[in-house]
Amino acid sequence: MYKKNDTVIYIGSGICKIEDIRTEHFAKVSTEYYVLRPISEKSSRFFVPVGSENGKFTKLMEKQEIDRLFSKVKSCAGVWVDDEKKRSEVYSELMKNIDRVRIIKMIGELLERKNGKSPDVKRLKTIDEQFLKEGRQLIESELSYVLSIEKNLVEPLILKKLNA
């Protein structure tokens, strides 16, 4: 269970702080909710029922976990699947589960293909571009926040760590 003031990644909304855990009455039903406030948009709040958070949000990494994360990425098998439909399903699952290791692997593979380092690919499919954008947004915002660095410094950091 998460606690008040934990910082989490909320799927589709980015990094949020758990502002409160309280009982609310919505549609004549009393339920305990996590009250999430996005760090980038102070006027929004999200209410997530306690017990239903799996697959909706996850705790941020700690600073000391980052090197270990990239070690795992290097030893991770590739995530590319030739069949576009199956690839889309695999990528969707990675994003839904916030599988950071495989998301970073996906980003690296897609960037290689996009930058012409893969001879069999002239340009990325629209769906691949979309997953690249979503994956980068998720990982870059988390690493930027955890490392207290500007977002534009994260991609070079990722590439450096992947190629080290």
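## Aromatic pairs and a helix contact

One aromatic cluster is formed by Tyr 2, Tyr 10, Tyr 34, Phe 46 and Phe 57. The model is predicted. Across the whole structure, a search finds nine aromatic pairs. Two pairs that involve Tyr 33 are listed below.

| Pair | Centre to centre | Angle between planes | Geometry |
|---|---|---|---|
| Phe 26 and Tyr 33 | 5.2 Å | 80° | edge-to-face |
| Tyr 33 and Phe 47 | 6.2 Å | 85° | edge-to-face |

Planes over 60 degrees apart count as edge-to-face, so the 85° between Tyr 33 and Phe 47 puts that pair in this class. Tyr 33 belongs to strand β3 (residues 29-38) and Phe 47 to strand β4 (residues 46-49), so their pair ties together parts that are 14 residues apart in sequence.

Tyr 33 has a relative accessible area of 10% and is buried. Phe 26, at 37%, is partly exposed, and Phe 47 is partly exposed with a relative accessible area of 29%.

Turning to the helices, α1 (residues 66-75) packs against α3 (residues 100-114) at an angle of about 60°, and their axes are 9 Å apart. Because of this angle, α1 is oblique to α3. The two helices cross in a right-handed sense. On the α1 side the contact is made by Leu 69, Phe 70, Lys 72, Val 73 and Lys 74, and on the α3 side by Arg 100, Val 101, Ile 104 and Lys 105. Sorted by class, this contact of α1 with α3 holds five nonpolar and four charged residues, with no polar ones.

Methods:
Residues numbered from 1 in each chain as written. Predicted model: local features only at pLDDT ≥ 70, side-chain atom pairs only at ≥ 80, totals over all residues. Heavy atoms only, no water. Axes fitted to C-alpha atoms, helices over the stretch in contact; angles between N-to-C directions. Helix = DSSP H or I, 4+ residues; strand = E, 2+ residues; numbered from the N terminus. Parallel < 35°, antiparallel > 145°, perpendicular 65-115°, else oblique. Left-handed = near helix turned anticlockwise from the far one by under 90°. Contact = heavy atoms within 4.5 Å. Nonpolar A, V, L, I, M, F, W, Y, C, P; charged D, E, K, R; others polar. Phe/Tyr/Trp six-rings, centres within 6.5 Å; stacked < 30°, edge-to-face > 60°. Buried < 20%, exposed > 50% of the residue type's maximum accessible area, 1.4 Å probe, protein only.
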